[in-house]
Every structure is written in C-alpha cells, then in structure tokens.
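User: I would like to go through some labels used for this protein and see what each one rests on. Please set the values against the cut-offs.

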Amino acid sequence: MMSSLILSVLTDDLLERILDCLIDDSDRKSFRATCKGFHGVESGHRRRLKFLRPEFIPELLRNYKRVEILDFSVCPRIYDGTISALVNNVRCSGWALRVRSVVLCRTTSVRFPGLEVLVGSCPGLQSVDVSHCYQFGDREAAALSCGAELREVKMDKCLRVTDVGLAKIAIGCEKLEKISLKWCLEITDLGIDLLSKKCLHLKHLSISYLKISNESLRSVSSLKKLEKLLMVGCGLVDDGGLHFLGNGCPSLQVLDITRCEHVSSSGLISVIRGCKGLQKLNAGYHFLELSTDVFYSLKDLKYLKTIRVDGARVADSFFQIISANCLFLVEVGLSKCEGVNDVGIMQLVSGRPNLKTLDLTCCADITDMAISAIAHSCSKLTCLKLESCSLLTEKSFSYLGSSCHLLEELDLTECHVNDIGLANLSKCSELRCLKLGICTDISDKGLSYIASHCKIKELDLYRCSYVGDDGLRFLATGCKKIRKLNLSYCTKVTDKGMVYLGLLEELSDLELRSNANITDAGLIALASGCRKLSELDIKNCENIGDAGFWSLAFYSWNLQQINLSYCSVSDMGLCMMMGNLTRLQDAKLVNLTKVSAKGYEAALRACCARLKKVKLIGSVRPHLTQELLQTLAANGCRIRWD
C-alpha cells in the first residue's frame, strides 16, 4: 500500500527527469518493467531505438511515437526492400517525419535505392552514419546529397566513394557542419577543395588516412568556422600544409596530426602560434624529438586542455613550461615517450587538481615517487594508464587507493601488482575499468578485494595464471554489472568457473582463449546464463565440442561476433550454430580440423544473408563453390583468408 502511494505522487514530469539520469540500458529496462505507468512514461520519453531484429521494427516504430534516432548498426538482414517496406507501412506511419538521425554503420546490404527512399522520406534528417559500409560508392553518396537539412555525415571506410560522390554531397548539403571521411582512400585534393568551398559552415572535419597533400590543407584553411580537424596518418602532408592552417582556421580548437610522418617541429610551431584558441592537440608517433622551440611555443596556448605527444623524446623543459603556462589541462598523453621521469611528472602535476586523464604507458623510468605526486596533486583523476611501468611497487597502489577516490579507469598491464596492491586499489570505489593483463602475482584473493568494493564493468585478466574459479565466484557475487571480461590463458579456470560467470547477466564481451579446462558443460552453463553475450572468443579451447556450440545456438541469440578457431566443432555443430545465431555478423573459423569443406559450405550458406566478416583458412578456398563466394560478396561480406 505504501509503495502504491509513493508511486502516485510521482508525476510524469518527475519520472521523465529520473529517466534523464538513467544512462545505462539495463537501468531503463528495470524502470519500464516497474509498472504500466512507468512503461508508458518511458515509451514517451525515448528518443533513440537500436534495432536487433528486423521483424520487430514496425511494431517498435508504432509504439515509440517520439523517437528521433534510429540505429540499424547491429540489425542483420537490412536491405533496400526493408527500408521501402517501413516507409510504406501504414501501421507505423509518421515515423519518417520525426527522424533526425539514422545509424547505418556496417549495414552493407543497404545501397543506393534504399538510401534514396530513406533520405527522401525523412525531410528533417540531420545526421547519417554509413561508416564501414565499404561497398558504398558515388551512387550512395548521391542519395545522401538529397538530404538538404543534413548537418552531419559519417562515411569512415566507404572505400568506393570518390571525389565525384563527395562533390554531390558538398553541393547538395550546404548546411553540413560535421563530416568524417576517414579511410575513404579514393578522395583526393580535388574533393576536399570543393567541400571547403561549398560547405562554409563546417565545424568538424576528419580526413585521416587520406592520400591528400598540402593543397587540401590550403583549402581547409579557408574554413572560418572549423573547430575540429582530424588528419591522422596523412603521410603526404608536410610543414607547408600546417603553415596554411596556422595562417587560417581562426576558430580551430582540436587538431590531431598523429602519425603525419613528414611534419616537423617547424610545422607544429606554425599551428600553435596561429591557432591560439587550441584546446586539444594530439601530435603523437611521428616526432623522434620535440625541439625546445615547440615547448616554448606552448606558452601561447593558454586554454589548452589536452595534449598528447605519444612516442616522442621529451626534455625537462617540456614539463616546466606545461606546468607554468597550461593551467587548464585535464588530459596529458605521454605514452611510450622517452625522457619521462619522476622529476618531470612531479613538475607536471604540481598544482593540477583538475587533471583527469594521464597516460604513462611504457614510461619505464617512473617510480613510486611519481605516483605519490600524482595521487596527492590530482584528486579529480579519473583515468590513469601505467602499462609496463615495471618499477612501481605496492606503495604506488597504496597512494592511489588513499587519494584517487574518483578513479574510474586504471591500466596496470604488465606491472608488478599483487594481492596486497589490489587490496589498496579496492579503496577506489568508483573503479569501472581495470586492466591487469600479465600481472602474474595476483590471485583469487586479490580479486575478492576488488569485487567487494569496486563497481567494475570491464576487467582484463589476460595471462593471470593464478586466477581460478574462486576468483570468478567473487566477481559473480560482487560485480553484477560487469560487461567485458578477458580470461584468456587463465588456465586454472574450469567449468565450475563458467557456472559462476553464468550468473553475470550483463556480460556481453568475453575472451577465453587457450583454456583446455573448459568443456561443453562450462560453455552450456555460460550460454544459458549470459543471454546478453554479443562477443565471444574461445579460440583454441580444444575441449569444447558440438554440445557446447549447440548451447550457443539455443541460448546466445544476441551473439554478433565469435572466434572459434582451433576448436573441436564438427560439420553438424558448426552448421547448426551458424544457422541459429540470427544476429551473427563476424566469425573467425580458422583451422577447424573436424569440419570438412562441405561443412564450411553448409555453415556459410546458413548465415550468408547476415554475415559481414568471416576469417577462413586459405586451404578451404578452392573447395567452396563460386556461387557461395559471390553470394557472400553480394551481401556485403568480407572474407579474410588466413
């Protein structure tokens, strides 16, 4: 009775405010399962739908009247005809008028006819994501160009789009503010030039890994409103291109020139001096050594919040200048940098209470002294990466546990951390992501500390050889929200441990490579309990046979990616699993010694309509029919031959 009275006090407005605070999908699911009233409020509040099965799309569109974002990225069997049927379905009419954003990432079976219908039916469409649709070409780009209201287009790895297709988008979508062309290898300076001339409102531009020259940056420099430029791996650009940016782009705030191998300190100085509003600068993995002039030019960047110089050789003056001038820093990346030592880190973090992210991966010279300074100076630290910092001892983890109470992500891969260290780290109660790969001194006891006090959602225990079934029992009891877990080469884990993992209902990503102690019984327990499992790696788990794979076929309906290379599955087991996993999109099937060529043929035919990527051993290729290979290619499936 009391609970009913409390619920009656909660108005729809208050419930919608509560929903605004529920980011996790499982929390929203619990909310709408409370009662019919809560379900109705959640239905009216929802703005985004992520489809998992095509047959449910019309009903979902009919029930959720205020949806503005449609995500088809993990939904198999989406074709041009599917789009046309949705547009013409009278039972869910009106949805196209409400839609503002569509995600078609990896939906390689939707081509020009479907895109043309979709864009033409959604007059208010402002954002489209067709990333990794590698078969998309100029015709598909022409279909997108009909979206006159488009503000954002993501076309990463659309390998067949050329300057012609980009020109159509530039001419048809003059209101464009954001466009990502990463890995669109057929686009050249000509396309970027036309884009820069036609889309004068561009604020965000990604041209990473394109074969463009300085001429593209000359064109880009004319974009007065450009705030973010990502040009990772543009190997043909040199200092001349950066000089153009320094003399233009007055609004530039974010610049990423990682792996631009022909850029030197001179070009970087030009950008720094010309774009004094820079807030984020990523210049990693191409400078063997940053000159002193670069360090001194950083004085001009008074509002710098993020700087990454990964892989460079840094001098003491770098830390001194950063400490004295860049007062608003929240993120510093020094991964694999030479010259990073305790003194430098102490200077860097001194008076930096707002620093939130610090990457010291492979900075092998830092010791407990540096960690002590970080812990005492950076009380708001949320992310710390210390992979391969082998000089750290238990003291470092004690410092972090005592002072860094907001820490959410910690990478200690290949560090000398033991159970006592984990006991200290367990005081970081907000810890969500913990990476302990190749930390060979931790055991089940250490995991018990973490499981009892932390809110872990991602845990990496790669090659932690002393972790066994009891450790998984602790995780199953204390870390109910864990989603991603790596137990590869944890050879003490047995079927008993799999029973404990089966209690983790939120688990979606699991790696179990090379574990000979897991059998069919363990996989059955895992599959029956972890119904949200979407990625599974059981490569070289040689004692899992058909019974285990049948359990995946029966229970794991959400599985999208699987690696079962070197497993003991037979023709029948493989065919049944591949046919029943209706959402499977990525499979690695290398060296399945009990599977014949006919077995491969039957299994691939059973799922060829939805498979987008498959890895096979090269010796199988001559035995597969040409018809099958053509069908897979026509459906947008990429085959990698090992």
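Analyst: The model is a predicted one. In it, strand β23 covers residues 613-616 and includes Lys613.

User: Why is Lys613 called partly exposed?

Analyst: Its relative accessibility is 44%.

User: Which residues make the nonpolar surface patch?

Analyst: Tyr303, Leu327 and Phe328 make a nonpolar patch of about 350 Å². Leu327 sits in the loop between α16 (316-325) and β12 (331-333).

User: Why is Leu327 called exposed?

Analyst: Exposed means over 50% relative accessible area. Leu327 has 53% relative accessibility, so Leu327 counts as exposed.

User: How many disulfides does a search of the whole structure find?

Analyst: The search finds 0 disulfides.

User: How do you know that Cys199 is in no disulfide?

Analyst: The nearest cysteine sulfur belongs to Cys173 and is 7.2 Å away.

User: What about Cys337, and which cysteine sulfur is nearest?

Analyst: That of Cys363, at 6.0 Å. The limit is again 2.5 Å, so Cys337 is in no disulfide.

User: Are Cys199 and Cys337 buried or exposed?

Analyst: Buried means under 20% relative accessible area. Cys199 has 0%, so Cys199 is buried; Cys337 has 6% and is therefore buried too.

Key
Residues are numbered from 1 along each chain as its sequence is written. This is a predicted model: local features need pLDDT of at least 70, side-chain atom pairs count only at pLDDT 80 or more; totals for chains, interfaces and linings use all residues. Side-chain values use heavy atoms; hydrogens and water are left out. Helices (H or I, at least four residues) and strands (E, at least two) are DSSP runs, numbered from the N terminus. Buried means under 20% relative accessible area, exposed over 50%, partly exposed in between (1.4 Å probe, protein chains only). Patches are made of residues with over 30% relative accessible area and no salt bridge: like charges are joined within 9 Å, nonpolar side chains (Val, Leu, Ile, Met, Phe, Trp, Tyr) within 5 Å. Accessible areas come from the Shrake-Rupley method with a 1.4 Å probe; for residues, only the protein chains shown count as cover. A salt bridge is a side-chain nitrogen of Lys or Arg within 4 Å of a carboxyl oxygen of Asp or Glu.
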